[in-house]
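Subject: Structure handover

Hello,

Here is the structure for you to look over. My notes follow below it.

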Amino acid sequence: MPLASFYELPATFMTPQEQLRGICRVAAKVWQVVGEADILCVDQEAAQQMDDMLWTFQAGAFVPHGLSNQEAVRIHTVQSCPESCNVLILCGLWNLPSPLPSCARLVDFIPAEVSAKESARTRYKQLKKIGYTLQVHSLEA
């Protein structure tokens, strides 16, 4: 049964940059534990922002990443979504991609902002309905 982990972003992460930095921390941890990950962004601009942030989110941190399939951490847009992957990290999506790639683990985020939180709840319910085992974690500031 696939696993979906939702990370609650702290209320102090209100700006898009702070939220992206938090997502990068989780992506780095996934890479350290699993050795690879696919990050799915809403569009090319968001993918480029993720690519840039992965270089600077934490002093001294390194995550081998890129906008191509040549790196351990691959950044995609919804339009170039892989059909399957080991770990899929959703970045800034309001809706689940359709079709949803086949993956053993899906990682999503719950921002503090009310409408974004409602959108995350909807994704949570959809994943539960299609058979994902669900977890919720708090991301420390």
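Ala 61 sits in the loop between H2 and S3. The model is a predicted one, and every value here is computed from it. The relative accessible area of Ala 61 is 27%, so this residue counts as partly exposed. Arg 25 lies 36 residues away from Ala 61 along the chain.

Next, a residue in another loop. Asn 69 belongs to the loop between S3 and S4. Its relative accessibility is 57%. The cut-off for exposed is over 50%, so Asn 69 counts as exposed. Beyond its neighbours within four places in sequence, Asn 69 is in contact with Arg 74 and His 76. Ser 84 is 15 residues from Asn 69 in sequence. The C-alpha to C-alpha distance between Asn 69 and Ser 84 is 13 Å.

Now the sheet. The sheet is open and has seven strands. Their order is S3-S4-S2-S5-S6-S1-S7, and the pairing is parallel. S3 (65–66) and S7 stand at the edges. Each has a single partner strand, so one side of each has no neighbour in the sheet. As a general point, strands of a sheet pair through backbone hydrogen bonds, either parallel or antiparallel.

S1 (residues 3–8) has a partner on either hand. Six bridges join S1 to S6 (residues 102–110), and these two strands run parallel. S1 also pairs with S7 (residues 133–138), again in the parallel sense, over six bridges. In S7 the partner is Leu 134. Leu 3 stands opposite Thr 133 in S7.

H2 (residues 44–56) lies across S2, S3, S4 and S5. H2 runs at about 160° to S4.

On to the cores. In soluble globular proteins, nonpolar side chains tend to be buried together. The largest nonpolar core here has 28 residues. Which of them touch the most other members? They are Ile 39, Cys 41, Met 50, Leu 54, Ile 89, Val 107 and Phe 109. H1, S2, H2, S4, S5 and S6 each supply at least two residues of this core. H1 gives the most, with seven residues.

Val 107 has a list of contacts of its own. Not counting residues up to four places away in sequence, Val 107 touches Ser 5, Tyr 7, Val 26, Val 30, Val 87, Leu 88, Ile 89 and Leu 90. There is also a second, separate core of 16 residues. Leu 90, Leu 96, Leu 106 and Leu 127 are among its members.

The largest pocket has a volume of about 470 Å³. How many residues line the largest pocket? The lining has 21 residues. Gln 19, Ile 23, Cys 91, Gly 92 and Leu 93 lie nearest the centre of the pocket. H1, H2, S5, S6 and H3 (114–129) each supply at least two residues of the lining. H1 provides the largest share of the lining, four residues.

Last, the loop between S5 and S6. Pro 99 is found there. A cis peptide bond joins Ser 98 and Pro 99, with omega at about 0°. In general, most peptide bonds are trans.

Leu 100 is in the loop between S5 and S6. Is Leu 100 buried or partly exposed? Its relative accessibility is 24%, so Leu 100 counts as partly exposed. Leaving aside neighbours within four places in sequence, Leu 100 is in contact with Leu 106, Leu 127, Ile 130 and Tyr 132. Ile 23 is 77 residues from Leu 100 along the chain. The C-alpha atoms of Leu 100 and Ile 23 are separated by 20 Å.

Best wishes

Definitions and conventions: Residues numbered from 1 in each chain as written. Predicted model: local features only at pLDDT ≥ 70, side-chain atom pairs only at ≥ 80, totals over all residues. Heavy atoms only, no water. Pairing = 2+ DSSP bridges. Contact = heavy atoms within 4.5 Å. Axes fitted to C-alpha atoms, helices over the stretch in contact; angles between N-to-C directions. Core = buried A, V, L, I, M, F, W, Y, C linked by side-chain atoms within 4.5 Å. Buried < 20%, exposed > 50% of the residue type's maximum accessible area, 1.4 Å probe, protein only. 1 Å grid on protein atoms, 1.4 Å probe; cavity = no way out; pocket = protein on both sides within 12 Å on 5 of 7 lines; lining within 4 Å. Points joined across faces, edges and corners; volume = space filled by probe spheres on them.
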